[in-house]
Amino acid sequence: MTETIETVRVSVKVNGEEAVRDVEPRRQLVDFLRHDLGLTGTHVGCEQGVCGMCTVLFDGEPIKSCLMLAPQADGHEITTVESLNGEELHPLQRAFKEHHGLQCGYCTPAMLMTALALGRRGVPLDREQLEEELAGVLCRCTGYQKIYDAVESYLAETAGSGGTA
Amino acid sequence: MKPAPFVYERAGSVEEALAMLQRYEGDARLLAGGQSLVPLLNMRLLMPSAVIDVNDVPGLDEIREEGDEVAIGALTRYSRIEWSPTLVSRLPLLTETVRYVGDRQVRTRGTLGGSLAHADPTGEMPLAAIALGATVVVQSQAGRRAVPAEEFFLGPYYTVLEPEEMVVEVRFPVRRTVSAIAEHARRHGDFAVISVAAVGEPNGDGGWKSVRVALGGVADTPILAVEASALLSGTSLEPDVVARAGEMALAAADPPTDVRASADYRRHLIPIYVRRTLELLQTRRSEGAR
Amino acid sequence: MTEIVERQTEQTRKSFIGQRRTRVEDERLVRGLGRFVDDVDPPRLVHMALVRCPYPRARIVSIDASAARALPGVLEVLLPEDVLERTDPITILRPIPDAPAIMPRALADGEALYEGQPVVSVCAVSRYIAEDAAGLIEVEYEPQPFVVDVLKAIEDDAPILHEHMGTNVVVTNPRGDGDPERGFEESDVVVEDTFSINRVSGLPMETRAILADWTPGVKTLHVRASTQAPHLFRRQLAQSLRLPEADIRVTCDDVGGAFGLKLGIFAEDLLACVHSMDLGRPVKWVEDRMEFFRGATQARESVHQAKLGVSSDGLIVSYTNRYYVDAGAHNSPMGSPMLSSLMFQGPYKFPNGYVERNVVLTNKVPVGAYRGYGQPEGSFVREVLLDRAARKIEMDRLEIRRKNFIRPDDMPWQTIGGAKYDSGDYRACLDMAAETIGYEDVLLRQAEARADGRYVGVGFGCYVEMTGYPGSKFLGKHNAQYGAHEGVVVRANRSGGVDVYTGVPPIGQSTETAFGQVAATVIGLDPGNVRVFAGDTHGTPVNTGSFASRTLIAGSGAIERAGREVREKALRVAAHMLDVPVETLELEDSVITSTQGPRITFEEVALNAFYAHRMPEGELPGLEATAYYDPISNAFAYGTAAAIVEVDPESGEFTLERFLFVHDCGTQVNPLLVEGQLHGGIAQALGAALFEEIVYDQESGQLVNGSMIDYFMPTAADLPRIELGHTEVASPVTPFGVRGIGESGTIPPGAAVANALADALSPFGVDINRLPLTAEYVWRLLAAKQAAR
């Protein structure tokens with residue numbers, strides 16, 4: 001007894017792999033990633049575009065995936081925290097661990113994606129600029145202090161390696 | 001907090017989008033950056049029958065220099081404006097203003113046209129458009145029309161746009177101006193409690209001409225402080241003139257009380273922020289900034 | 001006499017306590033592989049959504065759910081009459097002393113008492129459709145007179161929320177010593193004011209969430225919960241659902257922040273379980289942020305009428321604080337905060353004192369526990385008044401504090417509020433704070449700035465914090481539905497490691513890392529060989545949970561005991577295997593070595609213990625121990641916060657130039673984690689002090705700012721760099737000398753900033769008496785002064 005629901009086809013490259021699904025037009029991209037593709041590393045915090053928990057990279061740039069409809073991702077590339085995962089921690093993940101840049105871990109994937117894009121942009125940032133770049137993801141546990149430390153050290157490391165890490 | 005059902009339409013061209021708008025007879029919403037629309041959909045504060053996605057419309061996100069104007073496509077994203085070398089040199093107020101808009105994620109997606117069409121009275125892009133004397137180019141199946149920015153906004157979230165019209169481009173005059181913006185907000189990236197933008201052309205003698213002062217958050221729409229602007233033009237922004245301009249701006253305002261600030265406090269801040277913005281203008285001129 | 005905890009003093013083995021170690025939790029969390037409730041989608045999953053009352057108070061006249069029931073994809077609609085008969089009211093975990101329990105129900109019973117109270121519940125194949133269905137349910141409400149202001153609620157003609165009570169004042173709890181009124185007469189200077197503390201939200205980034213999965217026929221309920229206390233959750237579910245505990249399993253893998261807000265069960269938890277039991281399918285409810293601001297417990301709001309009398313030489317003679325807690329419409333499992341009273345005295349001694357707590361009901365979301373549990377409020381009031389008194393008698397703010405501090409040789413100290421401080425050197429923290437912030441230099445700079453028309457100020461706030469509970473007997477006297485203890489199972493595994501099982505779930509507090517360090521130290525292994533399994537009621541001993549800054553105190557005691565048992569048994573088994581006397585053996589780095597030469601690995605011993613092939617006579621198989629530890633007393637953390645501000649008196653805007661926090665949490669098991677806990681607590685305190693406030697409209701009774709858009713939680717760009725310092729006086733009453741650290745950061749920052757502002761603006765003579773400290777508020781204070789001139 002399911003509703004006859006109009007669906008649209010979404011074909012999207014997520015972390016380098018093609019995914020094709022038929023979804024309701026109203027489906028939020030974050031629900032598509034989490035519940036249709038099973039990539040639960042990206043979280044949901046407000047669905048109002050404020051907290052930034054659902055940050056992923058859309059064609060390489062950070063977006064809030066609660067504010068994008070799944071059909072809008074058709075033909076685009078999405079990068080989530082799962083893209084960083086290998087046997088060893090990614091340098092960015094390692095920086096967060098070493099600097100205690102997380103406590104409950106709920107905002108962490110969003111922070112990582114935001115910082116990853118910053119590293120790729122490769123523009124030097126002072127502390128105030130860095131704070132502004134990170135302001136799109138809220139964290140209730142850390143007071144942000146050790147998150148800055150982690151991101152700062154990661155950016156210094158990537159700058160040293162040509163900004164490609 | 002999930003949107004109510006709607007039909008999803010993807011427009012491949014402006015013409016197609018306009019035809020869709022016509023077809024839904026006012027019950028469709030254009031989806032550009034989605035940074036204002038989608039929260040409203042999620043909260044079911046808006047439940048349109050259709051959402052028309054214009055993100056794939058080609059040619060709507062160009063920044064072009066045309067004579068003494070810069071034309072910016074409606075779909076141009078904030079980050080693009082922030083980082084555009086053309087705009088950094090030709091319209092620095094725009095790039096500076098973007099830094100008050102939301103956060104990085106919002107700037108990746110949010111668009112100039114979407115911001116103007118959304119018409120938040122505290123919106124920074126509408127403010128900058130008014131301060132810079134921009135023209136909003138609006139199109140329907142009947143054709144195009146150009147609306148001066150200061151006539152575009154009619155009220156909170158309410159513009160001259162007819163249901164079958166869309167913003168396609170915003171044209172900014174480019175002159176040898178100096179500009180500045182100042183804002184009071186409750187936290188970083190939040191909606192402005194009040195914001196003031198000012199633009200002026202330096203005169204050879206240390207004076208200023210064609211000064212325009214605009215205010216956000218102090219009325220139903222962002223406003224051009226017409227009398228204050230007229231008073232300031234042709235002066236050297238002497239302190240007493242600036243003070244009088246602040247009072248005139250105050251007289252033109254009718255600020256609201258909301259959870260961010262009371263009307264009283266907004267009124268109190270108006271002359272202060274007008275002064276600060278004009279001081280910043282002076283400083284930038286003396287530092288040789290544009 | 002304070003009992004002194006027995007402590008193993010002969011520890012000569014390698015200790016991992018005090019080491020700055022990265023966290024074991026991070027391995028999964030930085031990969032996005034934590035398992036939060038919404039990360040689990042079992043087959044046949046269905047989703048719940050609620051209809052919530054849109055009025056501050058309304059009688060429910062009728063409900064028409066026919067359109068919702070007819071919507072394809074809808075599986076069940078529960079009306080109040082469907083649920084109220086089948087569920088019992090939710091038990092209160094920490095009842096308010098001497099107060100009637102006003103227990104929440106699963107759905108509003110005839111009348112809803114606050115905006116957001118659940119009225120109808122819907123289950124459907126997706127959350128999207130469940131919300132569609134909720135939107136189709138027509139409820140006819142008859143709005144009723146309401147009250148959303150705590151002081152109006154105590155007036156004679158106020159609408160009474162629960163008519164059988166005849167009043168909105170749930171209880172008045174007085175406590176005092178000496179003769180406060182005579183004390184004020186004898187004082188040279190008396191300062192008094194009414195202080196308003198803002199209503200705020202703990203605001204975890206993960207909202208409340210539950211996945212309830214009933215297996216029909218077998219009749220068992222497996223619940224995944226986002227909670228601080230899975231065992232309490234299980235108990236409360238069993239009570240309200242009338243099920244034996246054996247039929248309920250609560251699993252809590254990862255929690256995305258809690259801060260006191262996720263203690264106990266709530267109406268939505270019962271509803272999800274009832275749906276699952278009816279449908280025989282897993283039911284998920286993940287609170288959305290709109291619901292959160294209307295349903296999740298809120299915090300702090302209170303009005304304090306406080307009065308402080310001092311002698312001209314700066315001694316506190318008398319201090320009183322009569323306060324009114326705005327508790328919302330009914331009790332929450334942990335509401336309302338107790339510690340404004342217990343800790344009202346702070347670090348000072350004085351002969352006359354009185355504190356009175358009045359818990360008052362209003363038509364607002366119920367108040368619950370939030371990090372600090374009353375201590376930030378009480379600390380703010382006391383420290384602000386103390387500064388005012390100092391200004392009046394023209395005494396330095398540090399000096400007045402030094403004069404009144406309870407001194408180390410005064411300990412243990414019985415307070416008027418009813419606490420017994422164990423130990424501490426309060427002055428040491430204040431002195432370190434003053435020196436680090438450069439107090440004398442700031443005063444010089446202040447004078448120079450003023451000459452320049454700029455207003456700089458420095459302020460301090462001191463605190464003592466109750467951490468942990470003084471034992472289960474104490475809680476018994478308060479009729480709490482839990483004990484003060486923690487229990488653990490420590491079990492060797494056959495790879496030579498040790499598994500620790502605890503009911504304390506991971507909520508960001510780093511228990512797995514800290515417990516691992518303690519267990520490794522006690523047993524003689526590397527922490528890398530200890531695994532902590534947390535938060536599942538299957539397989540962990542019944543415990544209390546993660547709250548009240550008590551987990552490490554009670555938990556380390558339990559690990560210490562169980563670990564020692566495992567270690568001693570391992571040595572006995574090793575002695576048998578090596579054929580050497582047990583006294584000759586030492587276990588370190590996973591190897592048992594005899595002074596006589598032979599050695600054997602812990603792995604071999606553990607393997608043998610489980611095979612039981614070669615055990616000493618009378619020794620049972622296995623290598624594990626279960627132990628409980630019940631604290632013998634509270635440990636009291638303490639410290640000083642300091643802030644420097646610069647104010648623009650024209651606009652009221654100010655910047656927090658520096659913020660410093662000097663504290664003592666006794667022995668630090670892991671300084672890295674201590675810093676993290678402080679940073680987070682301080683950020684929450686600064687959020688509440690500068691930005692955050694939940695606002696209700698007095699006219700309409702409606703919540704004004706129920707979204708993340710309008711609730712101003714600070715971002716990364718809104719907070720100052722936080723500087724930390726610490727002293728380390730080991731507590732004599734806890735295992736390893738630890739004091740709790742989870743809540744300290746929340747307590748004194750508000751006072752430090754308020755005092756810095758008042759200091760900066762002292763030429764204007766403004767008195768600060770509320771939170772949050774917004775620019776508009778500062779402007780209003782100054783405008784009022786100007787108008788008065």
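**Salt bridges, cores and contacts**

Mentor: Glu24(A), Arg26(A), Arg44(B), Arg52(C), Arg127(C), Glu131(C), Asp132(C), Arg208(C), Glu268(C), Glu287(C), Asp288(C) and Glu291(C) are linked in a network of salt bridges. The model is a predicted one, in which local features need pLDDT of at least 70 and side-chain atom pairs count only at pLDDT 80 or more, while totals for chains, interfaces and linings use all residues; side-chain values use heavy atoms, without hydrogens and water. Residues are numbered from 1 along each chain as its sequence is written, with chains lettered from A and ligands numbered from 1 in the order in which they are written.

Trainee: What makes a pair of residues a salt bridge?

Mentor: A side-chain nitrogen of Lys or Arg must lie within 4 Å of a carboxyl oxygen of Asp or Glu. A search of the whole structure finds 101 of them over all chains.

Trainee: Why is the pair of Arg199(C) and Asp326(C) called a salt bridge?

Mentor: The closest N and O atoms of Arg199(C) and Asp326(C) are 3.2 Å apart, so the pair meets the cut-off. The two residues are 127 places apart in the chain: Arg199(C) is in the loop between β8 (189-197) and β9 (209-215) of chain C, and Asp326(C) is in strand β14 (residues 316-326). Such elements are DSSP runs numbered from the N terminus, helices being H or I with at least four residues and strands E with at least two.

Trainee: How do you know whether Arg199(C) is buried or exposed?

Mentor: Buried means under 20% relative accessible area, exposed over 50%, and partly exposed in between, with a 1.4 Å probe and protein chains only. Arg199(C) has 1% relative accessibility, so Arg199(C) counts as buried. Asp326(C) has 0%, and therefore Asp326(C) is buried too.

Trainee: Which elements hold Arg104(B) and Glu82(B)?

Mentor: These residues form a salt bridge with closest N and O atoms 3.0 Å apart. Arg104(B) is in helix α6 (residues 104-109) of chain B and Glu82(B) in helix α3 (residues 78-83), 22 residues apart. Both Arg104(B) and Glu82(B) are buried.

Trainee: Why is Ser302(C) called buried?

Mentor: Its relative accessible area is 3%, so Ser302(C) falls on the buried side of the limit. Ser302(C) lies in strand β13 (residues 302-310) of chain C.

Trainee: What is in contact with Ser302(C), its neighbours within four places in sequence left aside?

Mentor: Contact means heavy atoms within 4.5 Å. On that rule, the partners of Ser302(C) include Phe195(C), Ile197(C), Tyr324(C) and Asp326(C). A polar atom of the Ser302(C) side chain also lies 3.0 Å from the backbone oxygen of Arg300(C).

Trainee: What makes a set of residues a nonpolar core?

Mentor: Its members are buried Ala, Val, Leu, Ile, Met, Phe, Trp, Tyr and Cys residues joined through side-chain atoms within 4.5 Å. The largest one has 194 residues, and Phe96(A), Phe380(C), Phe460(C) and Leu773(C) touch the most other members. A second, separate core of 49 residues includes Val500(C), Ile559(C), Met577(C) and Leu623(C).

Trainee: How many salt bridges are counted between chain A and chain B?

Mentor: The count is five. One pair between these chains is Arg10(B) with Asp74(A), at 3.4 Å from N to O, so that pair is inside the limit. The rule also finds 14 residue pairs in polar contact across this interface, both residues at pLDDT 80 or more. A polar contact is a pair of N or O atoms within 3.5 Å; within protein, one must be able to donate a hydrogen and the other to accept it, and residues adjacent in sequence count only if both atoms are side-chain atoms.

Trainee: What area is buried between chain A and chain B?

Mentor: About 2,600 Å², with 54% from carbon and sulfur atoms. Buried area is the accessible area (1.4 Å probe) that two parts lose on being put together, summed over both. The contact involves 29 residues of chain A and 30 residues of chain B.

Trainee: Where are the domain bounds of chain A?

Mentor: Domain 1 covers 8-83 and domain 2 covers 86-160; such bounds come from an automatic or database domain assignment. The C-alpha centres of the two domains lie 21 Å apart. Domain 1 gives 16 residues to the contact and domain 2 gives 14. Between them they bury about 1,200 Å², 67% of it on carbon and sulfur atoms.
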